[in-house]
Amino acid sequence: MTTYLKPALILLLLLTLVTGVIYPALVTVFAQTLFNFQANGSLLKNPQGQLIGSELIGQSFSDPHYFWGRPSATGPYPYNAAASSGSNLGPTNPALSAAISARIQALKTVDPDNKLPIPVDLITASGSGLDPHISLAAAEYQINRVAKMRKLDEEILRELVDAYTEDRQWFVFGEPRINVLKLNIALDQQAVNSK
Amino acid sequence: MTAQGFLQISLYIVTLLLLAKPLGTYMAKVYQDNSEGSAHWLASIENLLYRLSGINADQEMRWGQYALALLAFNLMGFFVVYGLQRFQDVLPLNPQALPAISPDSSFNTAVSFITNTNWQGYSGEATLSYLTQMLGLTVQNFVSAASGMAVLVALIRGFVRRNSNSLGNFWVDMTRSTLYILLPLSLLLSFVLVGQGVVQTFKPYQTVKLQESISYSIPKLDDAGKTILDDEGKPFVENLQTNEQTLALGPAASQIAIKQLGTNGGGFFNVNSAHPFENPTPLSNFLEMLAILLIPAAFCFTFGLMVGDTRQGWVILGAMTLVLVTLIFVTVPAEQNGNPVLTTLGIDQTASTQQAGGNMEGKETRFGIVNSALWAVVTTAASNGSVNSMHDSYTPIGGMVPMWLMQLGEVIFGGVGSGLYGMIVFAIVAVFIAGLMIGRTPEYLGKKIEAYEMKMAAIIILIPPLMVLGGTAISLTLAVGKASIFNPGAHGFSEVLYAWSSAGNNNGSAFGGLSANVPYYNFMLGLAMLFSRYWLMVPVLAIAGSLAAKKKVPTGLGTLPTHTPLFALLLIITVLMVGALTFIPALALGPIIEHLQMLGQH
């Protein structure tokens, strides 16, 4: 057996050097040089230069002045980007319908007159718990509320939402969507500018 | 299903099939070149590796020697991955100062990665240091895949060689698979992924300021770590507030590329490719999904070239594709139809230009229904097991298809190498059954199939179901097995069945609600992964050895042609028959009952 164990160990250590040290180092050098922004987490800064999030990672919004994102099942608080997690609730689990009923209630409480059907992505937890996006329908559902809360013209707000709408990548891949964090930052920015 | 969804699925299948031939041709060259006079572009490094390891690359191995080399190499891999986890607290590159991992979890993860299963008992960003991810997991992502590829090449040589007692050299086949196939493809893919936004850095986790602070509460713990209860037996809660978010980072892109290409599937982050840093855009999603099936598809062509009749490879690829496409068109509509429970609550689940609709619980907006459900089918057809949505939250039928694809033995594309050697074993069974039915001599690719090959084939086909059904039955009779179940009712049964289907077929995906990171499941599923990897590999090599020693029988009137659509159909029927007869009773107790309950309640 030692005839096999010795070459096995040495070859493993050498391949560890190639695939576990040289390879990731090479990718890191490439990434940090050519895609510095992406490789470090696509971080967003405010005008003061403070880091205020990543454009790929959602944040929790529950203030009716903001657009709300997908519900998040991370613990101990939503959108915990150091512990990604889905809810793992099964389709027939009573806990799922209870959670969804509570989310419907929360939406209705801040916007009692809204008669639009509630889009499914607005009341279901995302897979990562960090989903930065909502569907176009989920934004449309909230436009009236946010406009009222911020005393903005609904059409002007809709234009802003349109500006932050991302189409399918290369017109084919994925789904159209809106980055909630970027939209809300833009909303706050607009409020500052108009003062 | 929407036209847009149909387009995305078609584009995926067409791209995959178009790439199979060029890559398959290249791979055949890699395995057929002799080391002397080889024009490989990394030849000097390759030869240096052999020299330093004291390996004679020209030495041919009998099947037993080939198996021993494989087992010795994987055993060393186990010790390294286990050790790295146990000592990661004192080793470098641990910016989050994560503690050492428990023995049972370390055992499970080490087994999981050497067997190319990559079951994730751990939560990447919360438990593993950068060093463990790189030196342990990334390395095994390469070499465990390369081990599977080597076994396939040995089996192919068994068909090609005549009156021979050797199958090639394990060290050479494994090293070449790593250096010439997996490494260049991984470099290419990781570069593109970084451009799309996958992180690749050695910096510690980044803290950023939130736009809106979050109030939350956690149960208060005493010094022993137990929840403190008040007089009414309710836990005391602490009310806290945070205005910061900590973003988990790391050298992710380099690991994610090989995790997809080597059909490994163990994620850098807990939620795997649902994490925006692991799979940020629809394009990264398409490429990661393509990477899952790329090498298994190309291997069909490599196989055809090496046995000297490319039609033999196309037949197998055709059979695999037919099953895959059929099951895609079961899962995608099941998820698109959504959850009737939500419809009764007045939720809009219809697909439109404004939303993807459907069952969005556990799915990401950027992927929607089509790309989530497509991924679920692809990752379980292959023994990849990475996920971009949470399978536990799928509709009963949507979740049953991935489970069944694993139970079929991971032969619909399957793992790199392992999928095709599994499928070739099914082909051996198919010619044998056909031979019995129509009175023809069972032979495949010019080699007579006799009692010895059939015995080995029977072992290969029966071990995984034994693990899956036996393991599920044992777990459900033990309190410790049932304690980990998260969802109630039939779905809870599905969670356990899914876990064993995954471990017993070296897939690695999960119904994540099951708390599998407990000593019982860590140990038991670890054993299942070991048995279903090596108790299959060794008999496959035994078949290869036995075939290589035989002479070639000329094609005669009594030969069943194996390059025809008819044979593809026969192959599919064989795979489905074994899978259906073995697992339909178990599936009836889980997803099928749940489906009926879901429809019945609403």
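A nonpolar core is a set of buried Ala, Val, Leu, Ile, Met, Phe, Trp, Tyr and Cys residues joined through C-beta atoms within 7 Å. I call a residue buried if 20 or more other C-beta atoms lie within 10 Å of its own, exposed if 12 or fewer, and partly exposed in between, with C-beta atoms placed from the backbone.

**Ground rules**

This is a predicted model, where local features need pLDDT of at least 70 and side-chain atom pairs count only at pLDDT 80 or more, while totals for chains, interfaces and linings use all residues. Residues are numbered from 1 along each chain as its sequence is written, and chains are lettered from A and ligands numbered from 1 in the order in which they are written.

**Entry: the cores**

I began with the largest nonpolar core, which holds 203 residues. The members that touch the most others are B:Ala69, B:Leu374, B:Val377, B:Val540 and B:Leu541. Helix α6 (residues 130-160) of chain B gives the largest share of this core, 18 residues. (Helices, H or I with at least four residues, and strands, E with at least two, are DSSP runs, numbered from the N terminus.) Apart from this core lies another, of 29 residues, and its members include A:Leu96, A:Ala137, A:Tyr141 and B:Met360.

Which residues does B:Leu541 touch, not counting those up to four places away in sequence? I found B:Trp63, B:Tyr66, B:Ala67, B:Val151 and B:Ala154. A contact here needs C-beta atoms, placed from the backbone, within 7 Å.

**Entry: chain B as a whole**

I noted 19 helices and five strands in chain B. The radius of gyration (taken over C-alpha atoms) is compared with a globule rule of 2.2 Å times the number of residues to the power 0.38. Chain B has 24 Å, close to the 25 Å that the rule gives for 602 residues, so it is as compact as a globular protein of that length. Its C-alpha atoms fill a box of roughly 85 × 60 × 50 Å along the principal axes. Buried residues make up 61% of chain B. Of the contacts in chain B between residues at least 6 apart in sequence, 78% join residues at least 24 apart.

**Entry: one glycine in chain B**

I looked for B:Gly513 and found it in the loop between α17 (490-503) and α18 (519-548) of chain B. Is B:Gly513 buried or exposed? B:Gly513 is buried, with 25 other C-beta atoms within 10 Å. Leaving aside neighbours within four places in sequence, B:Gly513 is in contact with A:Asn88, B:Asp392, B:Phe486, B:Asn487 and B:Glu495. I also checked B:Leu436, 77 residues from B:Gly513 along the chain: their C-alpha atoms are separated by 46 Å.

**Entry: chain A as a whole**

Chain A has six helices and six strands, and along the sequence I read the pattern α-α-β-β-α-β-β-α-α-β-β-α. Its radius of gyration is 22 Å, whereas a compact globule of 195 residues would have one near 16 Å. The C-alpha atoms of chain A fill a box of roughly 80 × 45 × 35 Å along the principal axes. In chain A, 47% of the residues count as buried.

The domain assignment (bounds come from an automatic or database assignment) gives domain 1 (1-40) and domain 2 (43-194) of chain A. The C-alpha centres of these two domains lie 40 Å apart.

**Entry: strands in chain A**

Two strands pair if DSSP finds at least two bridges between them. Strand β1 (residues 43-45) of chain A runs antiparallel to β2(A), joined by three bridges. I saw that A:Lys45 has A:Leu51 as its bridge partner in β2(A). In the hairpin of β1(A) and β2(A), with five residues between the strands, A:Gly49 takes a positive phi near 90°.

Next came an open sheet of three strands in chain A, in the order β4-β6-β5 with antiparallel pairing. Its edge strands, β4 and β5 (165-166), each pair on one side only.

**Entry: where the chains meet**

How many residues of chain A are in contact with chain B? I noted 94 residues of chain A in contact with 111 residues of chain B. The largest share of the chain A side, 20 residues, comes from α1(A). That side divides into 53 nonpolar, 32 polar and nine charged residues. (Ala, Val, Leu, Ile, Met, Phe, Trp, Tyr, Cys and Pro count as nonpolar, Asp, Glu, Lys and Arg as charged, and the others, Gly among them, as polar.)

Strands also cross between the chains: two bridges join β3(A) to strand β3 (residues 347-348) of chain B, running parallel. A:Ile118 has B:Ile347 as its bridge partner there.

Conventions: Contact = placed C-beta atoms within 7 Å.
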